[in-house]
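Subject: Structure handover

Hi,

Here is the structure I promised to pass on to you. Please open it alongside this note, and read on once you have it in view.

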Amino acid sequence: MEEEQLPPKQQSPKKSIPPYMKAISGSLGGVVEACCLQPIDVIKTRLQLDRSGTYKGIIHCGSTISRSEGVRALWKGLTPFATHLTLKYTLRMWSNAMLQSVFKDSATGKLSNQARLLSGFGAGVLEALVIVTPFEVVKIRLQQQRGLSPELLKYKGPVHCARTIITEEGLRGLWAGASPTVMRNGTNQAVMFTAKNAFDVLLWKKHEGDGKVLQPWQSMISGFLAGTAGPVCTGPFDVVKTRLMAQSREGGGLKYKGMIHAIRTIYAEEGLRTLWKGLLPRLMRIPPGQAIMWAVADQVTGLYERRYLRSAPL
């Protein structure tokens, strides 16, 4: 009868950190990330929208913005950016955890690499449609405004910006650029979650379910490396997304009719390299952002594990 007690014992590792805790951990990391890295996002947006060659590079762009508009201009759009990051990471971490639980092998509790990719892609698509697109439309409209005098600015703030877009362009205006955003975020998260797990195993011998909690610096290295592949793969989607979100119906028709038309037009008018414009500031923002987020997230989930669970999968 002693040997028949083994099956219940084997089921204990299946206890895992609940999705809501992973959601909380991601949202806390998102707040810190937004405050630290917003200036790089502003510079990236300005470079992508610059068709006349006003900015000569990242440093020149940042110094020009600071000199002509003030240092605070580098934090333009921080409120929608921080809010959207917090909500995005909450939904991303929760939905990824939920999808992983669906795709896990019911007998062994293990997750294949294909299932991990699908979980990440699904989480990216969901966050793109529910949160990322409308928040980034507002953020980009605010960031592309130039000038010091508030009276001269079309959009007075995030709420006024959203209301103006809805009034002038309809509710669909807040979802401009949804297609490339879905492709960008889906691919990014599929790569990021898979790479983060792979680097944890390769560098720190950290396997899901072993009960080991990484040190913050270890999480930062894994997160940084995992955050580098996505931007390179999804550069064209990010440029097209920015162009589609930035254009409004004011003054006539739209220059870009959709994702494919935008890619063709940009390639024909500005060359292939333009589709990866803003890649360097993306690489300066996304990998450090993932490093910050995972350093916080792994510690929060690790604290929960140490306090409430014995050997839970991370």
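Below are the notes on what was found in it, grouped by element.

First, the ground rules. This is a predicted model, in which local features need pLDDT of at least 70 and side-chain atom pairs count only at pLDDT 80 or more, while totals for chains, interfaces and linings use all residues. Residues are numbered from 1 along each chain as its sequence is written, and side-chain values use heavy atoms, with hydrogens and water left out. Helices (H or I, at least four residues) and strands (E, at least two) are DSSP runs, numbered from the N terminus.

**The H7 and H8 pair**

Two packed helices are described by the angle between their axes and the distance between the axes. Helix H7 covers residues 178–204 and helix H8 covers residues 216–246; they pack at an angle of about 165°, and their axes are 8 Å apart. Here the axes are lines fitted to C-alpha atoms, for helices over the stretch in contact, and angles run from 0 to 180 degrees between N-to-C directions. H7 and H8 are therefore roughly antiparallel to each other; for that term, the angle has to be over 145 degrees, whereas under 35 counts as roughly parallel, 65 to 115 as roughly perpendicular and the rest as oblique. The crossing of H7 and H8 is right-handed, meaning that the near helix is turned clockwise from the far one by less than a right angle. By class, the contact of H7 with H8 has 18 nonpolar, nine polar and five charged residues. In that count, Ala, Val, Leu, Ile, Met, Phe, Trp, Tyr, Cys and Pro are nonpolar, Asp, Glu, Lys and Arg are charged, and the others, Gly among them, are polar.

In the loop between H7 and H8 you will find Lys205. Lys205 is not a glycine, yet it has a positive phi of about 55°. With 57% relative accessibility, Lys205 counts as exposed (exposed is over 50% relative accessible area, buried under 20% and partly exposed in between, with a 1.4 Å probe and protein chains only).

**Helix H3**

Helix H3 (residues 58–69) has 12 residues and reaches 16 Å from its first C-alpha to its last, close to the 16 Å expected at 1.5 Å a residue; the expected span is 1.5 Å times one less than the number of residues. Its buried residues are Ile58, Cys61, Gly62, Thr64, Ile65 and Glu69. Seen down the axis of H3, these buried residues fall within an arc of 165°, so they line one face of the helix. That arc is taken from the directions from the helix axis to the C-beta atoms. On the face turned away from the buried side, H3 carries the exposed residues Ile59 and Arg67.

**Two glycines**

Gly77 sits in the loop between H3 and helix H4 (78–103), and is buried with a relative accessible area of 13%. Gly77 and Gln143 are 66 residues apart in sequence and 6.3 Å apart in space, C-alpha to C-alpha. Gly120 belongs to helix H5 (residues 113–143) and counts as buried at 0% relative accessibility.

Happy browsing!
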